[in-house]
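Subject: Structure for you to look at

Dear colleague,

I am passing on the structure that we talked about, and below it you will find my notes on what was found. Please open it beside the text and follow the residues as you read.

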Amino acid sequence: MNNTRILKVELGARSYPIRIGRSIAGLDTAFPESAGRSLRVVTDSNVEPLYLEALLGALSLTRDQVYVVPAGEASKTWDSAGKVLDWLLESRLSRDGCLIALGGGVIGDLTGFVASIYQRGIDFIQIPTTLLAQVDSSVGGKTGVNHARGKNLIGAFHQPISVVADTDTLATLPKRELLAGLAEVIKYGMLADGLLFEWLESNLDRILSLNPNSLAEIIERCCAIKARIVGLDERETGSGPRALLNLGHTFGHAIETYTGYTEWLHGEAVATGLVLAADLSARHGWITEAVAARCTALIARAGLPVAPPKGMTAEHFRDLMGLDKKVKAGKLRLILLRGLGDAVLSSDFEQDLLDETLAAACRTTS
Ligand SMILES: NC(=O)c1ccc[n+]([C@@H]2O[C@H](COP(=O)([O-])OP(=O)(O)OC[C@H]3O[C@@H](n4cnc5c(N)ncnc54)[C@H](O)[C@@H]3O)[C@@H](O)[C@H]2O)c1
Ligand SMILES: O=C(O)C(=O)C[C@@H](O)[C@H](O)[C@H](O)COP(=O)(O)O
Ligand SMILES: [Zn+2]
């Protein structure tokens, strides 16, 4: 790969590199971690025609070492995981084998989950091909599948042994998917890095026009934030900082579940969730209304939704958010803002103010 930048997720014996660079043709040199391993690739039906041949060529693999799932969130299910597991057993992969996830966050989460339970756990490598996966999902070892009752409710923490992000792959990404990835980038600015947020306000157009240097810049900055947080709190303990990466997600996951995982992309739902989190923070007086307005404005400028789907009510939100994994002792906990770049995990928000936020948001779309 050309111009490779290397970051590291520091987790003792489970530490691993994140390589960010260009040119998929050089992928063989990009992850020495795969050398000498028995490999299997999992990808999806959109990524297969675009990047599979290059990867197979680089690693001297054959088609029978590849499993292709239908593209999209509908494949992030228990049923799909079962099918991949069946295939791995049929292809007689042993415990020293290694999976490669070639694709977006759906493929990364699904493949990582399969790797976490196949023969009680085998290695896997992430080759993220969406902006969302390059800035977020490929790093940190959250793997899993969705359930009709809620997002990511079945899963495991299982770290990859390597992440290889080739920014050239973003050239083929549909615009809507690029924008969905941008939602997680804006999230990082809001929760941990006010300067990144300001940089996005000034440089949004460069990102939208796929300027390679700007893309590499945001991918590196986001991965650095995530690597630091994951290194401090790998398994999202109650007291550690990892939960902060969930800013906007309690609302966002409710939207994804309400819409059946097919209408709204994850990043779109998170975008609206970020707006709601900022609104609720402002109602508490923890950030000014002007800061909340800046968050909403940047998200809207990025072409992302700022209000829930039509028909979704405050009652729908309250019901779905009750199954959020951050619920503790029956009490909902939310990530809220104390400033731009300063997020907190809070259980002491006012229920009345949450009701106001939900009522106002749902009124705009009903
Ligand atoms: N594990 C984590 O920490 C974490 C973090 C954020 C999101 N996620 C999960 O990630 C998922 C969303 O990921 P996503 O947005 O990457 O979705 P995705 O994997 O569905 O990819 C989006 C679409 O782009 C296509 N695609 C992928 N790469 C392409 C390329 N280079 N060119 C053209 N098309 C391409 C895919 O086929 C798909 O249709 C959600 O399930 C979300 O919950 C997980
Ligand atoms: O890595 C994390 O931690 C995150 O919360 C990143 C999120 O962007 C991501 O969507 C994650 O899958 C959400 O996890 P969940 O635990 O809320 O299901
Ligand atoms: Zn997310």
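Taken over C-alpha atoms, the centres of domain 1 and domain 2 are 25 Å apart. Where they touch, domain 1 contributes 30 residues and domain 2 contributes 32 residues, two residues being in contact if their C-beta atoms, placed from the backbone, lie within 7 Å. The bounds are 2-172 for domain 1 and 175-363 for domain 2, and such bounds come from an automatic or database domain assignment.

Before going further, please keep in mind that this is a predicted model, in which local features need pLDDT of at least 70 and side-chain atom pairs count only at pLDDT 80 or more, while totals for chains, interfaces and linings use all residues. Residues are numbered from 1 along each chain as its sequence is written, and chains are lettered from A and ligands numbered from 1 in the order in which they are written.

**Around ligand 1**

Ligand 1 is surrounded by 32 residues, and the closest are Asn46, Gly104, Gly105, Thr130 and Ser137; a residue counts as near a molecule or strand if its C-beta atom, placed from the backbone, lies within 6 Å of it. Helix H4 (105-117), helix H5 (131-137), helix H6 (175-192) and H10 each give two or more residues to this shell, where helices (H or I, at least four residues) and strands (E, at least two) are DSSP runs, numbered from the N terminus. Both domain 1 and domain 2 supply at least three residues to the shell.

**The annotated residues**

The unreviewed UniProt entry lists Glu184, His249 and His266 under "binding site"; UniProt positions are given in the numbering used here, feature names are shortened, and annotations may be inferred rather than shown by experiment. These residues are spread over 83 residues of sequence, yet they cluster in space, with a largest C-alpha distance of 10.0 Å.

Is histidine 249 buried or exposed? Histidine 249 is buried, because 26 other C-beta atoms lie within 10 Å, and the cut-offs are 20 or more for buried, 12 or fewer for exposed, and partly exposed in between, with C-beta atoms placed from the backbone. Histidine 249 lies in helix H9 (residues 249-258), and, leaving aside its neighbours within four places in sequence, it is in contact with Val270 and Gly273.

Histidine 266 belongs to helix H10 (residues 266-283) and is buried too, with 28 other C-beta atoms within 10 Å. Leaving aside neighbours within four places in sequence, histidine 266 is in contact with Gly105, Ala180 and Glu256.

With best wishes
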